[in-house]
Amino acid sequence: MHDGKRSIIHLLDGQQLELTIQPRLIVHELLNIIASHVALKDADKQYFGLAYVDHLEQYHWLPTDRRVLDYDIPRKSHQLHAVLELHHSVKFFVDSVLTLCHPSAVELYFLETAKRLIKGLLEFTDLEYYKIASNFLQIYCGNYVSDEKARYALAELIPVPNGVLHTYDVSLEDIEKNVIELYKDLSGVPKGVAILNFLQTAERSSTHGCHFYQVRDKAGQPWTVGISNKGIFQYDPSDISKPKK
C-alpha cells in the first residue's frame, strides 16, 4: 500500500506547508489546498502555480491537469525517504496590479516582486529605481528616522541594478542620496499604499514578470532566456538590462 509522499510546499511569505501527497492527487487539487491556506480567492488563483525549483533557481511548472507525483522531478526527489520540495509562486504576471481582485493576491504579488528585486532580476531607469527603492524602505522600515539607518537598510536589502550604474553614470553615493530624499517624503504613507506604489513602479521594468532560464545554443554558447507574457527574450548571461533578441 502506498502511503503517499512526504512534501514541503514553500510559500511566498517564507512559511512552509508540510503535507503528504497521495498518489492520485492532481496538481490543481493541491493548488486549491494551498490557495485556501494563503487566502487566495477564486478570481486570482489562475495567476499562481506550483513549481519544482532546480539548483540554478529555475522554475519548472507542474501541469495543473496531471497528478503531482507523475511530474518528471529529479531522481533524488523520488527516493523512498526523500522529501519532495515544491514552490507556490506567481506563474502569470498581470499587466497591472489593479487587475487583481483581492488584497491577499496583491500581497503575494508584492512578495514575489520583492524577491525578484532583491535578486537583481528587475531592470529600471535611474528614476524608477529611486522610486521603487524608497517605497521598499517605507514598506519594510516604516517612516524615515535617519540617513544612517536608511543607508544601511538600502545596502542590506536592495541591490542597485547594473543598468542604473552603467547607463546613467551615477555614483553609489548619489543613488543613495536620491533614494533617501524620496524616502523622507514618504513619511506617513500607509504600508498598503507603498505596496501599490512599489508594484506599479515594478510594472515598468523591462524584465517585470520574466522567468529566467540558462540555455546553450547549437554552438555551445551560453544564454539567458526570459519568458513572460510579453514574449521570449534572449540575454547575455551577465547582463539582463537589454535583450539581444
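**Exercise 1. Is A39 buried, exposed or partly exposed?**

Solution. Take the accessibility value: A39 has 38% relative accessibility. Apply the cut-offs: buried is under 20% relative accessible area, exposed is over 50%, and partly exposed is in between, with a 1.4 Å probe and protein chains only. A39 therefore counts as partly exposed.

Before going on, note the ground rules. This is a predicted model, where local features need pLDDT of at least 70 and side-chain atom pairs count only at pLDDT 80 or more, while totals for chains, interfaces and linings use all residues. Residues are numbered from 1 along each chain as its sequence is written, and side-chain values use heavy atoms, with hydrogens and water left out.

**Exercise 2. Which residues does I8 contact, leaving aside its neighbours within four places in sequence?**

Solution. First locate I8: it belongs to strand 1 (residues 5-10). Its relative accessibility is 16%, so I8 counts as buried. Then list the contacts (heavy atoms within 4.5 Å). They are Q16, L17, E18, V83, L84, E85 and L86. One partner deserves a second look. E85 is 77 residues from I8 in sequence, yet the two C-alpha atoms are 4.9 Å apart.

**Exercise 3. Describe the surroundings of L50.**

Solution. L50 is part of strand 3. Its relative accessibility is 0%, so it counts as buried. Beyond residues up to four places away in sequence, L50 touches I9, L30, L31, I34, H60, W61, L62, L86, H87 and H88. H87 lies 37 residues from L50 in sequence and 5.6 Å away, C-alpha to C-alpha.

**Exercise 4. What does the side chain of Q58 reach?**

Solution. Find Q58 in the loop between strand 3 (48-53) and strand 4 (59-61). With a relative accessible area of 8%, Q58 is buried. Now look for polar contacts. These are pairs of N or O atoms within 3.5 Å; within protein, one must be able to donate a hydrogen and the other to accept it, and residues adjacent in sequence count only if both atoms are side-chain atoms. One links the side chains of Q58 and D54 at 2.8 Å. The Q58 side chain also reaches the backbone nitrogen of Q214 at 2.4 Å. With neighbours within four places set aside, Q58 is in contact with Y52, V53, F212, Y213 and Q214.

**Exercise 5. Is T207 buried or exposed, and which backbone nitrogen does its side chain reach?**

Solution. T207 is in the loop between helix 8 (191-202) and strand 6. Its relative accessible area is 0%, so T207 is buried. Its side chain reaches the backbone nitrogen of E123 at 3.1 Å. Neighbours within four places aside, T207 is in contact with L121, L122, E123, F212, Y235 and I240.

**Exercise 6. How much space lies in the largest pocket, and what lines it?**

Solution. On a 1 Å grid over the protein atoms alone, a pocket is an open set of points with protein on both sides within 12 Å along at least five of seven lines, a cavity is a set where a 1.4 Å probe fits but cannot get out, and lining residues have an atom within 4 Å of a point. Grid points are joined across faces, edges and corners, and a volume is the space filled by probe spheres set on the points.

The largest pocket holds about 480 Å³. Its lining has 24 residues, with K119, G120, L121, F212 and I240 nearest the centre. Helix 3 (103-118) and strand 6 (211-216) each supply at least two lining residues.

Key. Helices (H or I, at least four residues) and strands (E, at least two) are DSSP runs, numbered from the N terminus.
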